[in-house]
Amino acid sequence: MIKDEFFKQVKGNLIVSCQALEDEPLHGSSIMAKMALAAEMGGASAIRANGYQDIKAIRTVTNLPIIGLVKQNYIDSEIYITPTKKEVDELIQAGVSIIALDATSRKRPNGERLKDLITYIKKKQIGVMGDVSTAAEALKAENLGVDCIGTTLSGYTHYSPQQAGPDYKLVERLVESVNVPVIAEGKYWIPEEAWHALDLGAHAVVVGSAITRPQLITKRFTDYLNTKAGAQHDTEVVGGEFIKRNS
Ligand SMILES: CC(=O)N[C@H](C=O)[C@@H](O)[C@H](O)[C@H](O)COP(=O)(O)O
């Protein structure tokens, strides 16, 4: 799908990120394909997916547009979302509508430059999503020619706000300051949060873990129940009511 059509299709909608790395229980391209199919059945407008194998498998079950990335670690850099031309070539081979890549200001591996990667992708008529952690990075990425900005990396660089939930402030600032679509992504767990980002002006919202990482979904339940149970153990029932011990 060409990028103009992509942005039309996802506007005001949900994009589901279907990713499971090797150390995750759902790792495997056939499982990610089923996740993508489930996302489509649930009304997702696009899929965000990691790696050649997963993308190829997802393509066999759905025609939804795909934002592709390749997670790869390099020893000389903290950047791991589509860090170099090698991963970009993998995504071009896989066939995606948009390539997502780290557009933070951190040092890139192999001495490669963000500008060159963006130019290279755009020459292939593929859209570029710049994943950032701050407004300054977004402005820089926009100047270098990305087609949209993702708030994906807020909370994942040491200099961005370390918070449990979505970075709405960043969404708000980007909507005011950049002229390309802003895609809200990262730490969205409930529909109301996704709506809030759209209400602030985000073009679309990407949700991953809350839909496709059952080990993390389970943990939210168990953490909550354990906290509640801990609180209850501090109480005793007197006259049919819970009261705090030693109070
Ligand atoms: C920081 C990083 O590596 N984010 C990755 C980017 O593709 C994925 O692991 C996330 O699942 C995705 O960004 C969606 O976010 P959340 O799972 O919080 O809804």
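Colleague: How many helices and strands does the protein chain have, and what is its radius of gyration?

Modeller: Bear in mind that this is a predicted model. The protein chain has ten helices and ten strands. The globule rule gives 18 Å for 247 residues, and the chain comes close to that value, so it is as compact as a globular protein of that length, with a radius of gyration of 20 Å.

Colleague: What share of the contacts in the protein chain between residues at least 6 apart in sequence joins residues at least 24 apart?

Modeller: As background, the C-alpha trace spans about 75 × 40 × 40 Å along its principal axes, and 41% of the 247 residues count as buried. Among contacts between residues at least 6 apart in sequence, the share that joins residues at least 24 apart is 58%.

Colleague: Leaving aside neighbours within four places in sequence, which residues is Val-205 in contact with?

Modeller: Val-205 is one of the core residues that touch the most other members. Once the neighbours within four places in sequence are left aside, its contacts are Leu-14, Ile-15, Ala-184, Tyr-188, Ala-194, Ala-197 and Leu-198.

Colleague: Where do the buried residues of helix α4 pack?

Modeller: The buried residues in α4, which runs over residues 85–94, are Glu-87, Val-88, Leu-91 and Ala-94. Seen down the axis of α4, these fall within an arc of 120 degrees, so they line one face of the helix. After the helix comes Gly-95, with a positive phi near 85 degrees. The elements against which the buried residues of α4 pack are α3 (52–61), β3 (66–69), β4 and α5.

Colleague: And within what arc do the buried residues of α7 fall?

Modeller: Helix α7 covers residues 168–177, and its buried residues are Leu-170, Val-171 and Leu-174. Seen down the axis of α7, they line one face of the helix, because they fall within an arc of 100 degrees. An α-helix has 3.6 residues a turn, so residues three or four places apart point the same way. The buried residues of α7 pack against α6 (135–144), β6 (148–150), β7 (182–185) and α8 (191–199), and the arc asked for is 100 degrees.

Colleague: How do the residues of the shell around the ligand divide into nonpolar, polar and charged?

Modeller: The ligand is surrounded by 16 residues, and the closest are Ser-17, Tyr-156, Lys-187, Gly-208 and Ser-209. Both β8 (204–207) and α9 (209–212) supply at least two residues of this shell. The division is eight nonpolar, six polar and two charged.

Colleague: Is Met-129 buried or exposed?

Modeller: Met-129 lies in strand β5, and its contacts beyond four places in sequence include Ile-67, Ile-98, Ala-100 and Ile-183. The C-alpha atoms of Met-129 and Val-180 are separated by 10.0 Å, although these residues are 51 apart along the chain. A count of 20 or more other C-beta atoms within 10 Å is needed for burial, and Met-129 has 30 such neighbours, so it counts as buried.

Colleague: What separates the C-alpha atoms of Gln-9 and Ala-57?

Modeller: Gln-9 is found in helix α1 (residues 3–10), and it is partly exposed because 16 other C-beta atoms lie within 10 Å. Leaving aside neighbours within four places in sequence, Gln-9 is in contact with Ser-45, Ala-46 and Pro-65. Gln-9 and Ala-57 are 48 residues apart along the chain, and their C-alpha atoms are separated by 22 Å.

Colleague: In which loop is Asn-110 found?

Modeller: The phi of Asn-110 is near 60 degrees, a positive value in a residue other than glycine. With 11 C-beta neighbours inside 10 Å, Asn-110 counts as exposed. The loop in which Asn-110 is found lies between β4 (98–102) and α5 (114–123).

Definitions and conventions: Residues numbered from 1 in each chain as written. Predicted model: local features only at pLDDT ≥ 70, side-chain atom pairs only at ≥ 80, totals over all residues. Helix = DSSP H or I, 4+ residues; strand = E, 2+ residues; numbered from the N terminus. Buried ≥ 20, exposed ≤ 12 C-beta atoms within 10 Å, placed from the backbone. Near = placed C-beta within 6 Å. Nonpolar A, V, L, I, M, F, W, Y, C, P; charged D, E, K, R; others polar. Arc of directions from axis to C-beta. Contact = placed C-beta atoms within 7 Å. Rg over C-alpha atoms; globule rule 2.2 N^0.38 Å. Core = buried A, V, L, I, M, F, W, Y, C linked by C-beta atoms within 7 Å.
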